[in-house]
Amino acid sequence: MYLKSPANGGLIEGDRARLEGVSENGVDLKVNGVTVPVDATGHFVYYAPIPADGILPLHLVATDMIGNVTEHRLEVVKGQAGEGEKSADLASFATDGGVFVTPFLTEETEYETSIDERSKQVRVWAVPVDPEATVTINGKPTDDKFSALVDVSDGAVVQAVVRAPDRTEKTYALRIGTESGLAALRSLELSGWTASGEKASEAPVLSPAFSSTRLAYEAEVGSETAAVSLTPAAAAAGSLVRVNGELAASGAEGTRIALSAGSNTIKVEVLSPDEAKKESPDWTAAKTYEIRIDRRTSGDSQLGSLALEGIALTPGTFDGSVAEYSARVASGVSSATLSFQAADPAAAVELNGVAKGASASETVQLAEGANVFKLKVVAADGSSQTYTLSVYRDKPIAEALTLSELSLDKIGLTKPFSPWTRNYDAEKNTKSSAAKVTAKPAVAGTTVKVNGKPVGEDGTATVNLNMGVNAILIQLESADRTAANTYSIAIVRSFEGGGEATPTPAPSEPGTTETPSPAFSVGVNDSTNEKAAVAAATKENGRDILRVTFVKDELLKALEAEGTNPVITVNAGASADEVVGVLTADLVKKMQEKDAILYLNAGNSTYTLPTAALDIGQIAEAFGANVALADVKVEVKVALATDAELAAIRGQAGKTGAEVVGTPTSFRVTYEHGGKTVEAGRFDRYVERAVVLPDNAGSDAITTGVRVQADGTLYHVPTYVKQAGGKYYAVMRSYTNSLYAVIKNESTFKDIQGKWSQSAIEDLASRLVVNGKSGGLFDPNGNVTRAEFASMAVRALGLEPQAGATGYSDVKASDWFAPYVAAAKSYGLVTGYSDGTFGPGKTITRAEAVAILSKAWTIAGKTGVAKEEAAAALEGVSDAADIPAWARESFGSAVRLGLLSGYEDGSVKPLRTLTREETAAMLRNLLIQSGLIQP
């Protein structure tokens with residue numbers, strides 16, 4: 001960026017706008033086609049006449065010495081009429097050899113500058129306000145850029161005479177001195193530092209932009225910036241520089257200056273070389289620059305940690321954004337050690353109204369029943385947040401509040417029943433939509449209810465089960481209703497489990513060796529149906545194959561007896577190398593009409609296929625519109641990787657230090673007719689497939705699932721770990737089929753250690769979603785382009801990159817990002833501009849990124865919040881007025897759903913360029929909040 005600060009000027013009350021800024025030294029700068037001189041420090045001043053219509057468009061073009069071009073556009077509206085404006089005024093006055101002692105003002109005519117004493121000539125620019133005016137410099141006509149090369153010596157005076165078309169004249173004078181008498185800074189830079197010694201995420205910015213002739217500045221920093229360092233560079237060699245009274249090296253970063261909350265003043269003094277070389281320099285002769293830095297008071301009122309030693313809290317993982325926690329302890333626990341720490345060391349914590357400082361660890365007493373602890377965190381700015389910890393200490397259980405029997409019909413419990421043990425888990429999952437519970441009291445007259453429903457005379461009650469984890473609560477109440485007790489059973493309703501049946505084997509296929517079929521079962525919802533399919537186990541090329549062929553009439557009959565969304569479960573029984581479900585396309589179409597789900601349990605893996613996700617229309621495209629669906633075979637295949645595939649995957653994973661966990665597995669759907677076979681295209685939603693992890697592997701043993709691409713590379717697929725039936729599964733969701741593997745991978749970068757974004761960056765890098773840069777760096781504060789964000793979003797969602805044309809004129813098929821942009825467009829994540837371009841190299845704003853994030857939420861299968869909720873979510877956003885109208889609903893939805901984190905001041909900065917670390921945080925929030933991955 002060679003035009004650093006083009007908009008720091010102000011509107012003069014009159015017919016001209018004063019534009020002042022800083023560029024790079026040596027830049028050729030044009031404003032509306034007029035050459036504007038840039039002095040030795042990159043500073044420029046230009047007075048632009050405002051047209052009669054009162055609106056002045058400004059087009060600034062800066063070209064560096066190797067031809068790089070930067071452009072800026074802005075617009076100025078005319079103020080009130082001015083006084084004293086002359087047609088013979090200069091718009092700009094400067095020299096390439098030095099810096100004016102005072103800033104250029106068109107009404108002032110006397111100036112001084114200092115140049116290198118070895119210089120014999122300098123170029124002087126005198127650009128008139130009226131382009132029709134003529135200018136002479138020391139009596140010589142100027143060139144077409146209103147400049148002239150003049151001979152100079154110490155004490156020389158250069159005169160620029162402007163003759164306007166109305167014959168008025170004005171003379172400007174520039175007295176030339178040597179740099180030995182110059183006391184000025186050429187540049188001044190600031191860096192911010194956190195209390196831990198890390199560079200602050202945002203560098204302090206001087207306002208206005210630095211200019212050698214301007215002496216007063218302001219800057220604002222957040223509360224996380226505890227200190228600043230200055231790098232002052234003197235304009236003349238041999239100068240002396242002091243910062244707050246301490247000598248500082250010109251051009252070098254100085255010592256860090258601590259900042260207190262509120263206003264801080266820093267003074268930088270510069271002595272000229274002539275004065276500096278005196279035996280006793282007179283610092284009263286120094287030029288003094290003053291910087292006032294306002295450090296905002298911290299508004300962080302969150303807890304950083306909260307724990308009860310040896311006691312589990314609910315929720316189980318502490319999160320500073322969650323304000324309510326609970327715990328339950330046995331009747332014999334009368335005290336516990338409570339530890340807490342504020343996220344900001346400057347905050348203070350009150351425990352039940354008593355001040356404790358920023359952190360504490362102390363013993364708290366626990367009475368029988370409920371114990372409530374209120375932790376109020378008061379931020380440095382006075383704002384506060386209260387956390388509630390409720391600890392329930394059980395009362396001793398009387399025999400009248402115990403059970404003599406507790407069981408689940410047809411399903412055992414993971415531990416033997418004891419009247420004094422109150423929490424149980426079901427021994428296995430169930431497919432049933434209901435469970436029968438037997439709960440008999442130890443003492444007659446005790447009231448027993450199961451999920452609020454009284455048990456019958458036989459001590460039983462039936463409860464409905466939802467998909468997933470269900471808690472069955474058995475509540476006991478004494479006869480006098482003065483005491484109560486509760487037992488609980490956790491049970492999972494899933495597509496797994498069920499009985500077994502041994503159907504008649506199907507005839508073997510030619511060229512295969514038939515072996516007895518392993519035990520398997522087929523069922524629809526809760527019922528086993530031995531007639532719906534037949535299975536044949538064969539050995540082909542050394543691999544065990546189980547082929548399950550559905551009997552159309554029997555399956556349709558079973559489906560007719562069910563409502564919508566029936567689950568057709570195939571349990572393969574003993575594990576095989578391949579399990580193949582065989583149907584016809586017309587049967588699939590009938591299943592689609594019922595919104596049926598095909599659940600294939602292959603032993604080492606499972607495949608959950610909503611039949612409605614299949615595009616039956618693909619069959620006509622592949623085989624012709626006249627092909628009968630009954631003549632098209634559909635195969636749903638789950639197959640373990642071959643030895644060669646496994647070796648290749650391990651080799652590819654090893655290139656990045658990753659490790660393959662478990663056995664890679666292929667999931668495919670194919671259509672076959674007339675000797676031609678085609679792969680099913682992408683689904684219209686995420687389809688779930690899961691692989692069993694090794695016995696010693698839990699949720700911490702893997703990082704993510706990956707799809708094996710055609711070129712052998714590994715590609716992220718959203719993955720989480722679940723436990724069911726005593727096994728751990730890696731559950732992967734994808735819009736496409738392929739060969740899948742599970743890996744353990746860990747990535748980090750040197751420049752993210754201790755940053756707020758570290759965990760998000762490490763997580764996504766380990767999942768192969770984001771990449772670092774050279775030297776082991778991530779560049780967390782680097783800007784993100786539209787192409788980069790689209791690519792990272794596509795990888796985060798696990799969407800398949802697409803080769804071929806993108807439809808955008810500025811995206812070539814050979815561009816590295818082209819397949820990702822094509823996928824993003826295909827899935828509706830991005831749209832281009834009206835001229836058919838995508839703008840891949842343009843930086844992306846937070847507003848643009850949030851709009852894409854909103855679409856990604858829908859791709860993840862989630863529904864956005866209502867407009868009213870989105871609008872309400874923005875009420876607490878301090879800069880909500882800056883959010884473009886087209887992005888307001890997306891922003892509100894993102895804030896409401898927890899996809900977007902704002903800033904300490906309550907703003908979201910929608911027009912700010914998105915950084916790499918913000919991108920990682922956004923995408924990780926999307927994956928977690930949508931349930932595609934675990935925190």
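**Close-ups of a predicted model**

View 1. Residues are numbered from 1 along each chain as its sequence is written, and side-chain values use heavy atoms, leaving out hydrogens and water. Among the buried residues of H7 are Phe-789, Met-792 and Leu-797. Their cover includes strand S56 (714–717), helix H8 (818–826), helix H9 (846–859) and H12. Just past H7, Gly-798 takes a positive phi of about 70°.

**View 2. Helices H6 and H12 crossing.** The axes (lines fitted to C-alpha atoms over the stretch in contact, with angles from 0 to 180 degrees between N-to-C directions) of H6 (residues 758–766) and H12 (residues 916–929) come within 8 Å and cross at roughly 70°. That makes the two roughly perpendicular (65 to 115 degrees). On the H6 side, the contact (heavy atoms within 4.5 Å) includes Ile-761 and Leu-764, while H12 brings Leu-923 and Arg-924, among others.

View 3. Eight strands line up as S44-S43-S47-S49-S50-S54-S58-S57, with mixed pairing (at least two DSSP bridges between two strands). S44 (527–528) and S57 (719–724) stand at the edges with a single partner strand each, so one side of each has no neighbour in the sheet. S57 pairs with S58 (residues 727–734) in the antiparallel sense over 6 bridges.

Technical notes:
This is a predicted model: local features need pLDDT of at least 70, side-chain atom pairs count only at pLDDT 80 or more; totals for chains, interfaces and linings use all residues. Helices (H or I, at least four residues) and strands (E, at least two) are DSSP runs, numbered from the N terminus. Angles under 35 degrees count as roughly parallel, over 145 as roughly antiparallel, 65 to 115 as roughly perpendicular and the rest as oblique. Buried means under 20% relative accessible area, exposed over 50%, partly exposed in between (1.4 Å probe, protein chains only).
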